[in-house]
Structures are given as C-alpha cells and as structure tokens.
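Me: I would like to go through this structure step by step. Could we begin with the pockets and then turn to the strands and loops?
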Amino acid sequence: MNYLRGAFKPACNISITFTDGKNRKQVPVKKDNGQMVMNPLFHSQETIAGKVCIEPYQGKKVEHNGVKVELLGQIEMYFDRGNFYDFTSLVRELDVPGEIYENKAYPFEFPTVEMPYETYNGVNVRLRYVLKVTVTRGYAGSIVEYQDFVVRNYSPLPPINNSIKVRSKLSQFPGSLSLFILNPFALKPLLASDMLNSFGPLLDVQMEVGIEDCLHIEFEYNKSKYHLKDVILGKVYFLLVRIKIKNMDLEIRRRESTGAGANTHVETETLAKFELMDGAPVRGESIPVRLFLTPYDLTPTHKNINNKFSVKYYLNLVLVDEEDRRYFKQQEITLYRLKDESS
C-alpha cells in the first residue's frame, strides 16, 4: 500500500516566490473553504518578478517536456465553476525538455504588466490574478502549481462631483394600504414585488382623484462619488408629515449583476444599515446624515467588466411607519479608490 501511495505522489515540490515578497504589502483574501490567506498586493503597470523552485523528492528524478510560468487574469462565474475566462495571459518558458535530479531555481519577470481590473470576490463571480507554473510531462501527467496575488488600481479625483438633491412626495389612495408614486423621484413601499426587482425603474404615475399628500421630504447628499474611506454627509428635511413615521434608516446596498440578456442574474446585498432617526418627525424638521465608509467591506464601482459582470452601489433611504409599512428611495452612487488609501 505504501508503494501505491508513492506511485501517485508528485515527483517534486514546486514553490513560487516574488522578488520583493517580504517587503510587499499583504492583503487578506477569503478562499473557497472560508479560510483567510494573505496574498501580495500589486497595481497595474508594475513589474512582477520572482523565482520558481523545483525540488525533486528524495530518490526521484523529474522527467519533463518543458517548464513554463504563466501570468493569468481570469473571471469565473460560480454557476459555471471550473470554466475560466482569461482576459490577460502572458507566458515565459523556463526550461527545455530534460530531467531534473536536484533542486533547481528559475527566475522569471513580467515587466510593466497591464492589469486593468481589480481583484474581486463576489456572490456569483470572482476576478483573480494568478501565477501558474506547469511542469509538462507525458504519461505521468503534468505537475501544476498556482500562486494568487491581488491587484488594486487607483483612480484620480473626479473632475465633476455634483451633490444629490431630491424632493419626494408620498401619497395614499383612500381605502388602500398601498402608496403610489407621484413622480420618478417618489418614495415607494417595499412590497414583495419590489423585493424581486427593487432596483427597477420608477414609474411616473399621475393620480387625479382621492389623493391626499401624506409625506413630502427632501434629501440631499454632499456628492455623488465617494472614495472608499470617505464620509457621506447630507440631510433629510421633512416638508410635510401626515403619517406617523416610527424610524428612518440609511442603507448601503451592493448590486452585482452577472451574465447578459435573458441569462442576467442580479444579487443584492445590504452591507451597512445606519439609523438616522428614532421617533416621529414633525414638519420642518431636518435630520443630519453622517456615515463613515471605512468600517465596511466596499470595492470600487465596476462597470461591465470584460462584458461579464458589473457592481453598483446604492444609498437606500428607508422609512417605517407605526403599522410597519416600509417606504424607500434608492440613489446610485459611485465608489472609487484613491491613491493615498491604505488599502
């Protein structure tokens, strides 16, 4: 039995190290099994260099048809696990066919590599960068080793960053518990149908009779684009209050969409929930908004990455009345990574 075990054991051990690995920043990444591992951090246009070490096990020689190292940028859809879409692929041949009897080291270098997208681990998709070393063999089967690394890219300050200011009217139809939208910016009750498509376009519904305005608010955020360590500042101003509001929260939601056309799949996560108000507001009352983004696990906004997926962020203002009816208004924001951020 020991002989059989040894027959299926790889003939060598492969290790991959980076030239500046000891001094380079390491960031935590969650593996498929839930464990956290530390991977080196790189940025686009950096040179990725290192060394591949092949160590034959004692008493064994490694016959091979060549040794190569590849730098790959890959997108994997979780509903199609195992199939990777390569958007970056670079190859370096390290050795010609032959035999390895003792430990051997192969230096490699990929100068000024363009890595346009950030590493991303989402609900249904992941984007990763990896070094792949292959010792090509015939009947014995090739020996492969992987080394992941993380890529994060910086963005300059946006030249235009306007504030967001919206007025919303809420009206109730007599004899009905449903609340209707009076304009495209109106608040909307969180019903079952909304949960299925809560990010769909708001309809402009004009009601003529039996309508009485019950809530009119104005909310304002200081800008529409935020860096990952930014602070969201704003206010919610109550112009008209004719229903009994119990509390008001501000949520940060991430919308991840994968696929295209009829195969598009959308997943929404609530990453943060911040209580703005507890108790009934009165007309003329102004509620301040001050939400720090640092504590939350956020990424930059991703728009149509390699025609595979997108990631958007929304501020979701939620009001709850005394009958536990929920009304909300969502506003898309853009997140980006500044160069001076520690992450």
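Me: What is the volume of the largest pocket?
Reply: The model is a predicted one. In it, the largest pocket has a volume of about 1100 Å³.

Me: How many residues line the largest pocket, and which lie nearest its centre?
Reply: The lining consists of 36 residues. Those nearest the centre are P28, V29, K30, T119 and N121.

Me: Which elements give two or more residues to that lining?
Reply: They are β2 (26-30), β3 (36-42), β10 (120-121), β11 (125-135) and β12 (143-151).

Me: And which element gives the most?
Reply: That is β12, with five residues in the lining of the largest pocket.

Me: How do the lining residues divide into nonpolar, polar and charged?
Reply: In the largest pocket, 14 are nonpolar, nine are polar and 13 are charged.

Me: Which domains does the lining of the largest pocket draw on?
Reply: At least three of its residues come from domain 1 (12-151), and at least three come from domain 2 (204-336).

Me: Now the second largest pocket. How much space lies in it?
Reply: The second largest pocket holds about 300 Å³ of space.

Me: Which residues are closest to its centre?
Reply: S155, P300, T301, L335 and Y336 are the closest to the centre, out of 19 residues that line the second largest pocket. The elements that give two or more residues to this lining are β22 (302-305) and β24 (326-336).

Me: Changing topic: what is the strand order in the open sheet of three strands?
Reply: The order is β1-β4-β9, and the pairing is antiparallel.

Me: Why is one side of β1 and of β9 left without a neighbour?
Reply: β1 (12-18) and β9 (104-110) stand at the edges of the sheet and have a single partner strand each, so one side of each has no neighbour in the sheet. From one strand to the next, the twist averages 20 degrees.

Me: How many bridges join β4 to β9?
Reply: Seven bridges join β4 (residues 48-56) to β9, and the two strands run antiparallel. Within this pair, V52 has Y106 of β9 as its bridge partner.

Me: What holds paired strands together in general?
Reply: Strands of a sheet pair through backbone hydrogen bonds, in either a parallel or an antiparallel way.

Me: How do β6 and β7 pair?
Reply: Strand β6 (residues 67-77) and strand β7 (residues 84-95) pair in the antiparallel sense, over 10 bridges. Q74, for example, has D86 of β7 as its bridge partner. Six residues lie between the two strands of this hairpin, where G82 takes a positive phi near 95 degrees.

Me: Which residues have a positive phi although they are not glycines?
Reply: Q45 is one of them, with a phi of about 75 degrees. Another is D324, with a phi of about 60 degrees. Q45 lies in the loop between β3 and β4, and D324 lies in the loop between β23 and β24.

Me: Last topic: where are K308 and T294 found?
Reply: K308 is in the loop between β22 and β23 (309-321), and T294 is in the loop between β21 (286-292) and β22. K308 is partly exposed, with a relative accessible area of 22%. T294 is also partly exposed, with a value of 43%.

Me: How far is K308 from E76, and T294 from L228?
Reply: K308 and E76 are 232 residues apart in sequence, and their C-alpha atoms are 9.3 Å apart in space. T294 and L228 are 66 residues apart along the chain, with 6.6 Å between their C-alpha atoms.

Terms used. Residues numbered from 1 in each chain as written. Predicted model: local features only at pLDDT ≥ 70, side-chain atom pairs only at ≥ 80, totals over all residues. Heavy atoms only, no water. 1 Å grid on protein atoms, 1.4 Å probe; cavity = no way out; pocket = protein on both sides within 12 Å on 5 of 7 lines; lining within 4 Å. Points joined across faces, edges and corners; volume = space filled by probe spheres on them. Helix = DSSP H or I, 4+ residues; strand = E, 2+ residues; numbered from the N terminus. Nonpolar A, V, L, I, M, F, W, Y, C, P; charged D, E, K, R; others polar. Domains from an automatic or database assignment. Pairing = 2+ DSSP bridges. Axes fitted to C-alpha atoms, helices over the stretch in contact; angles between N-to-C directions. Buried < 20%, exposed > 50% of the residue type's maximum accessible area, 1.4 Å probe, protein only.
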